[in-house]
Structure formats: C-alpha cells, structure tokens
Amino acid sequence: MTLVPAKIIAISDDLIPEIDPIFIGLKAELPENEIVHFTNSNEGLRYVLDNLNQKMVVLLDINFSSRTEKSGYEVFDDIRKKTSLVYIIMATVRNLSEIPLANLVSWINNDAVSLENTFNYPKIISLIKDAIHKLDVQVDSVIEEWIMRHPPSKRTTALIKTKDGKSYSMDDILSAIRQREPIGLEFEKNLLKLAIDIFSRQKLSTDD
Amino acid sequence: MINLVIAYDDNDSDLGEYFEDCFNSTRDVVSQLNSISYNSLRGLDCTEQNINARIQPLNHQSFIFVCFSHGDSSGECLLTQNEVFVSISNVTFFCNSFFYTTACCVALELGSNLINSNCFCFIGYNDSSWATYEDFYPTYIACESYSLVEFLRTTKTIQQTFDEMQAYFDEQITLLYDQNEILVAMELERNRDCLVLLGNGSLTSSDFHV
C-alpha cells in the first residue's frame with residue numbers, strides 16, 4: 001500500500017535561488033511534483049493555509065528581505081493558529097542566540113517543528129525525510145490511506161450523522177481532522193479508541 | 001400486565017424516520033408479548049400536557065416509559081422541534097417508572113432528576129450520541145434497544161440486560177470492523193461508551209407487573 005505523498009513546501013527568501021543546492025537536492029531525492037517553492041512568504045503562507053487538507057512539510061526560512069513580507073516567525077505562528085498537523089522545519093543560518101526567546105518558546109511548545117541552523121543540504125534533506133515519516137504515522141495519514149482505498153463516490157457520500165442533523169462523508173472527516181476542528185479531534189479520539197478496542201479484543205480472543 | 005408508554009418523534013425533520021423505525025422495532029417485539037399493555041405518542045402529540053395526561057393514570061403503580069427523540073445538549077430535557085415535553089417541570093410524573101431513552105445527553109441532568117423524583121431506574125446517553133445513515137439503521141436500533149427488549153422478554157435484571165447490551169454493541173462493532181465499515185463502527189463504539197444506567201438495576205420485568 002502506497003501512502004499518499006506529503007507535499008514539501010519551501011518558503012525561503014528570494015536571496016536563496018531555486019538553483020540553490022538545497023532545492024536541487026530536494027528534487028533529486030523526492031518526487032519533484034510534490035515540491036513547491038515560494039520566494040514570497042505571504043504567498044507561501046496562503047498556499048499552506050489553502051491546502052490544509054493535504055499532508056505537508058514546510059521548510060521555512062526565518063528572514064525575508066522584503067518589508068512587505070511576513071517573517072518566518074509570523075508565518076510559523078499563522079500556520080500554528082490553524083493546524084498542528086503541518087510539519088514545519090525552521091531553517092536559518094543565524095546563530096540560535098539571535099533568535100528571540102519568545103519565538104524559541106513558541107516553537108518548542110507547538111508540535112511538529114525542527115530547527116536547522118546551517119542550511120546544510122544533507123541535514124535538511126534528512127530532516128524532511130524524517131518529517132515525512134512522522135506525518136505518515138500520524139492518525140490522519142492512516143485514516144487518509146484507508147479513505148483513499150474507497151472510490152471517490154463513496155468518499156463523498158454522507159455516512160455519519162449527528163442527532164442534531166449534521167452529516168459527514170469520509171472526505172469531511174479527513175478534512176476536519178487535518179484542520180483540527182473540534183469534530184475532527186472527536187473523530188480522531190474515537191478512531192484511536194476503536195483501534196485499541198479492536199486490537200485488544202482480537203488479542204484476547206487469540207489468547208483464548 | 002406491564003404498562004408501557006412509548007413516545008417517538010416521527011415528525012423530526014432530520015431523524016423522524018429513524019425514531020419511527022426505533023418505535024416500530026420495539027412495537028414488533030412488544031406486540032408478541034401478551035403481558036404488556038402499550039400505548040404510544042407520535043411527535044406532534046409529544047407535548048408536556050399530553051405526556052402528563054398519559055402518565056398520570058399509570059404512575060401510582062410501576063410502569064415503563066420509553067422515548068425515541070432528541071435531547072438538548074445540556075441534558076435537561078426531551079424535546080421535539082416544537083417544544084420540550086419532559087423536563088424538571090414534569091419529572092415527578094415519572095415516579096415508579098423504568099425510564100428508557102436514546103436521546104442525546106439526558107443522563108447528564110434529567111436522568112438524575114428522575115431518580116431523585118422516585119423513578120426506579122433510568123437508561124440513557126450522557127453525551128451526544130450519533131445516528132448513522134439508512135443502511136445501518138437496523139444495527140443501531142438493535143443495539144440501542146437491546147436492554148429494553150431483553151428486559152421485557154426475559155426475567156433478567158435491568159443490570160444484566162444493560163451488561164449484555166454492552167457486549168452486543170461489542171459484537172456489532174467487531175462485525176462492522178470486519179466489513180471494513182470503520183467509521184460506522186467508530187460511532188457505534190462512541191454510543192456504547194455514552195450509555196449509562198442510573199438507579200435500581202436489580203429490578204426485573206416481574207417488578208413491573210401490576
């Protein structure tokens with residue numbers, strides 16, 4: 001079973017050109033059509049927020065030379081306001097001591113973030129591969145894998161109803177989980193409970 | 001003879017059909033049991049006044065009240081889209097009853113209010129429960145009604161039938177899982193975990209013969 005690939009979103013200052021070894025290396029080692037590069041942080045942020053229903057790893061530069069663009073700190077915060085399921089790798093050549101303490105605290109307290117302060121291409125590729133693995137084993141990825149086994153017509157058919165009249169299809173459920181909506185968190189918790197319940201009952205019956 | 005009253009909101013725009021199927025399923029069982037005298041109220045008749053009028057002649061002796069309708073999210077009442085028909089204001093009418101409902105949340109407040117008002121026993125949900133789509137109505141109804149049906153058909157205690165209901169949910173969840181109906185199994189499991197029994201679970205159907 002092939003997992004749905006994660007998109008790699010590179011948001012870096014246009015001082016780092018697309019021919020930078022990092023991007024050449026990324027395209028050599030990962031599917032090229034899954035890599036999207038933005039040199040404008042505002043556009044990169046918009047793309048991420050418009051595609052929260054996808055698995056994404058964001059390679060995010062901290063500094064942007066244009067004053068009209070959001071800094072990497074702001075892009076990070078804006079993404080985290082919407083979701084914790086996008087994996088963010090903060091990349092900078094700055095010394096760690098130059099990064100404001102409040103930002104470091106924010107990164108540490110918000111899940112799924114790595115910090116690479118060299119822009120070293122093999123290290124960053126390794127971080128991205130690790131991030132993809134982490135995304136692949138998250139609940140939403142496992143659910144996505146299961147959902148994608150169904151034909152599109154089944155995926156869009158309402159199959160869960162709340163007693164107050166709301167309906168959800170498989171695609172709705174996946175989107176709600178990805179976007180950390182309350183109902184998505186509820187689905188996630190219930191699916192985990194079901195998995196543990198089924199697993200433990202099957203184990204008990206095997207033991208019998 | 002056991003007196004049984006069933007209220008069901010067939011008039012609800014979202015789940016009227018489901019509530020009616022719940023009623024029909026229970027009625028089919030009850031109609032085969034000679035020892036039960038039942039009467040029912042449809043959605044448009046589910047008003048506090050009608051409910052009180054139907055219950056009052058029965059509640060000097062033990063009886064069973066069943067309701068398939070919505071509950072409000074605070075758990076304080078049973079209601080239709082038009083009005084509340086069971087709440088703190090008429091909770092005392094249900095003294096001497098076994099109160100069985102599949103409405104959302106009502107174990108949170110209404111359940112304990114009923115028990116404090118001398119209702120013998122209550123079974124219901126302590127959170128929002130899920131419905132499903134039409135293909136799985138029979139499975140849901142069989143699960144949600146299991147304890148009631150077993151209680152009426154056998155000499156088991158309410159607690160025994162409640163425990164067996166949990167096991168029946170488990171069986172159905174496993175079957176759904178085996179059929180790759182993961183999401184339906186998930187919501188059914190959530191419903192199982194939200195069902196609670198309050199009050200005296202040691203009663204049997206013979207305690208309700210009048």
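1. In strand E7 of chain A, the residue that stands opposite Ile160(A) is Tyr168(A). Strands here, like helices, are DSSP runs numbered from the N terminus, with at least two residues (E) for a strand and at least four (H or I) for a helix. E6(A) and E7(A) pair in the antiparallel sense over 2 bridges, where two strands are said to pair if DSSP finds at least two bridges between them.

2. The model is a predicted one, in which local features need pLDDT of at least 70 and side-chain atom pairs count only at pLDDT 80 or more, while totals for chains, interfaces and linings use all residues. Residues are numbered from 1 along each chain as its sequence is written, and chains are lettered from A and ligands numbered from 1 in the order in which they are written.

3. Within E9(B), Ala131(B) is the bridge partner of Lys161(A). The 3 strands form an open sheet with antiparallel pairing, in the order E7(A)-E6(A)-E9(B); its edge strands, each pairing on one side only, are E7 (167-168) of chain A and E9 of chain B.

4. Turning to the interface as a whole, 17 residues of chain A are in contact with 21 residues of chain B, contact meaning that the C-beta atoms of two residues, placed from the backbone, lie within 7 Å. On the side of chain A, two or more residues come from each of strand E6 (160-162), helix H8 (170-178) and helix H9 (182-207), and H9(A) gives the largest share, 7 residues. By class, this side divides into 9 nonpolar, 3 polar and 5 charged residues, where Ala, Val, Leu, Ile, Met, Phe, Trp, Tyr, Cys and Pro count as nonpolar, Asp, Glu, Lys and Arg as charged, and the others, Gly among them, as polar.

5. Elsewhere in chain A, helix H1 (residues 21-29) packs against helix H5 (residues 121-136) at an angle of about 45°, with the axes 9 Å apart. H1(A) and H5(A) are therefore oblique to each other, as angles under 35 degrees count as roughly parallel, over 145 as roughly antiparallel, 65 to 115 as roughly perpendicular and the rest as oblique. Pro21(A), Ile22(A), Gly25(A), Leu26(A) and Glu29(A) of H1(A) make the contact with Tyr121(A), Ile124(A) and Ile125(A) of H5(A), which by class amounts to 6 nonpolar, 1 polar and 1 charged residues.

Note on methods: Axes fitted to C-alpha atoms, helices over the stretch in contact; angles between N-to-C directions.
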